[in-house]
Amino acid sequence: MSDTRKLYVRSFGCQMNVYDAQRMTDTLAKEGYVETDSPDDADLVILNTCHIREKAAEKVYSELGRLKKAQEEAGRRQMVAVAGCVAQAEGGEILKRARGVDLVVGPQSYHKLPELLADAARRGHNRRAGIVETEFPVEDKFDFLPPPTPAAIAKRGPTAFVTVQEGCDKFCTFCVVPYTRGAEVSRPLAKILDEVIRLAEAGVREVTLIGQNVNAYHGADAAGRTANLPELVRRIAEVPGIARVRYTTSHPRDMDDELIAAHRELPALMPYLHLPVQSGSNRVLAAMNRKHDRELFFDIVARVRAARPDIAFSSDFIVGFPGETEADFTETMDLVERVGFASAFSFKYSPRPGTPAAGMGEQVPEAAKSERIHALQALLDRQKAAFDAACRGRRFDILLEKPGRFPGQLIGRSPYLQSVVVEAPLEAIGTLAEVEVREVSTKSLSGDICGGEFFGERPARESRFIGQGEKLEA
Ligand code: SAM
Ligand code: SF4
């Protein structure tokens with residue numbers, strides 16, 4: 001009998017889930033599981049879920065229903081596990097609401113997957129006896145999760161996420177993260193560096209340090225002192241092979257002078273900062289318990305731009321928070337106009353069970369939320385289009401990541417995370433190319449290679465892209 005079993009993992013939500021999915025896959029690779037792209041031929045399906053908004057959480061139940069139906073139609077038996085934040089928040093409720101779930105496992109217990117799955121398999125077809133594991137164990141899961149093999153790293157391409165911090169102590173009144181991911185915990189600096197060195201040795205060129213509150217990072221260093229995010233970024237930028245570093249998601253409150261200085265001093269730190277503001281109204285920000293006001297946000301944007309003039313900003317917005325008036329929303333539109341964003345995410349407020357805002361009076365009617373989100377997204381789309389259009393004719397470094405749609409094409413990323421299509425051979429994947437942007441569409445840019453690591457010496461020229469602040473003032 002072959003020990004090879006097929007595993008399908010579907011991730012919903014944030015980058016942390018993408019990272020967690022990879023770590024689960026690495027853990028199960030040791031048990032003989034190989035990844036498949038199709039849920040239909042998998043022996044084990046893991047749904048790695050997101051609880052941040054109601055819509056995201058509901059998707060899980062429709063996916064579970066779909067899986068059950070497909071299994072019945074094909075007369076097939078698959079193991080099904082629900083992981084991620086819905087698992088953590090709803091636990092045993094999932095077994096009551098959806099049939100055919102073998103295991104519900106919270107994000108802090110992924111290192112226990114092999115034993116939990118073996119236990120679930122022993123319980124066999126009696127799925128009413130599904131297992132629920134949502135404890136916050138005393139041991140650190142990162143000490144037990146096996147690292148990816150060089151082959152697995154190479155398959156994932158030249159960019160990688162690395163979790164450096166988990167959980168959140170901020171308790172914004174709308175947010176489930178402090179409840180699903182728990183209190184803020186930072187990984188020790190040396191362990192993160194080991195992981196980055198291993199990734200770099202297998203060909204990774206760009207790492208994105210991730211955490212729910214990444215700029216609150218405070219991991220222990222080898223001497224037992226506390227290292228902060230700028231120090232961590234500095235150490236990672238020194239790892240041979242690493243050309244680019246990013247970090248996400250930051251909280252405005254934790255953007256201190258040292259981190260801002262790192263943007264000035266470290267060329268490897270990409271000039272693109274995702275800094276969620278949520279609202280432009282001080283009244284709403286206070287009700288959200290955001291611990292910053294619009295003035296602090298403007299001040300941070302100005303100081304980061306002074307340190308790194310070519311920087312571009314991205315953000316998250318929530319419209320229709322309880323009690324948000326038209327005047328509050330106008331303040332949000334005003335903040336967007338004043339700052340100018342290269343890209344952004346905007347959401348209608350979604351009440352989450354157990355969070356303070358869900359119980360607040362003055363919930364905003366759905367029609368008003370819809371009207372506001374349309375207006376906000378239209379403005380953000382215009383800003384993104386203007387930012388992208390300003391890239392035409394400019395040159396910057398693109399990290400070539402993967403084959404494009406047509407033979408002879410590669411797709412890379414600009415410093416601003418835009419997809420850029422170029423003509424280049426497959427062997428150039430994983431290298432930095434200097435590219436002059438020729439065309440701009442809503443989905444991607446395309447351009448011509450002028451030089452780079454694979455293509456020879458670069459012509460000596462000024463290739464820095466002017467920042468979005470300068471563009472907007474022009
Ligand atoms: N820690 C980050 C921060 O403080 O901005 C991001 C947390 S969350 C994973 C990503 C985004 O989801 C938030 O920035 C917020 O805009 C949005 N979000 C969180 N809770 C929400 C809710 N109840 N309704 C709508 N959007 C929500
Ligand atoms: Fe949620 Fe606020 Fe923490 Fe971000 S800072 S994860 S929005 S509680």
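The shell around ligand 1 comprises 6 nonpolar, 4 polar and 5 charged residues; here Ala, Val, Leu, Ile, Met, Phe, Trp, Tyr, Cys and Pro count as nonpolar, Asp, Glu, Lys and Arg as charged, and the others, Gly among them, as polar. The model is predicted, so that local features need pLDDT of at least 70 and side-chain atom pairs count only at pLDDT 80 or more, whereas totals for chains, interfaces and linings use all residues. Residues are numbered from 1 along each chain as its sequence is written, chains are lettered from A and ligands numbered from 1 in the order in which they are written, and side-chain values use heavy atoms, with hydrogens and water left out.

Of the 15 residues around ligand 1, those that come nearest are Phe174, Gln212, Gln278, Asp316 and Ser350; a residue is near a molecule if one of its heavy atoms lies within 4 Å of it. Polar contacts are pairs of N or O atoms within 3.5 Å; within protein, one must be able to donate a hydrogen and the other to accept it, and residues adjacent in sequence count only if both atoms are side-chain atoms. A nitrogen atom of ligand 1 lies 3.0 Å from a backbone N or O atom of Phe174, and a backbone N or O atom of Ser350 lies 2.8 Å from a nitrogen atom of the ligand. An N or O atom in the side chain of Arg290 is 3.2 Å from an oxygen atom of ligand 1. The protein buries 89% of the 560 Å² that ligand 1 exposes when taken alone, with areas from the Shrake-Rupley method and a 1.4 Å probe. Strand S15 (312-319) and strand S16 (343-348) are the elements that give two or more residues to this shell; helices (H or I, at least four residues) and strands (E, at least two) are DSSP runs, numbered from the N terminus.

Around ligand 2 stand Cys168, Lys170, Phe171, Cys172, Phe174, Cys175, Val177, Pro178, His251 and Arg290. By class, this second shell has 7 nonpolar, 1 polar and 2 charged residues.

Two annotated regions follow one another in the UniProt record, whose annotations may be inferred rather than shown by experiment. An unreviewed entry assigns residues 154-388 to "domain: Radical SAM core". This segment is 40% helix and 18% strand, with end C-alpha atoms 30 Å apart. For residues 389-451 the unreviewed entry lists "domain: TRAM", and there the chain is 2% helix and 56% strand, with end C-alpha atoms 22 Å apart.

Strand S17 (residues 395-403) runs antiparallel to S18 and is joined to it by 4 bridges; strands pair if DSSP finds at least two bridges between them. Leu399 stands opposite Arg413 in S18. In the hairpin of S17 and S18, with 5 residues between the strands, Gly408 takes a positive phi near 90°. Strand S19 (residues 419-423) is likewise antiparallel to S18, through 5 bridges, and its Val420 is the bridge partner of Gly412. Leu417, in the turn of the S18 and S19 hairpin, has a positive phi of about 65°.

Arg187, in the loop between strand S9 (185-186) and helix H8 (189-201), is buried, with a relative accessible area of 7%.

Note on methods:
Buried means under 20% relative accessible area, exposed over 50%, partly exposed in between (1.4 Å probe, protein chains only).
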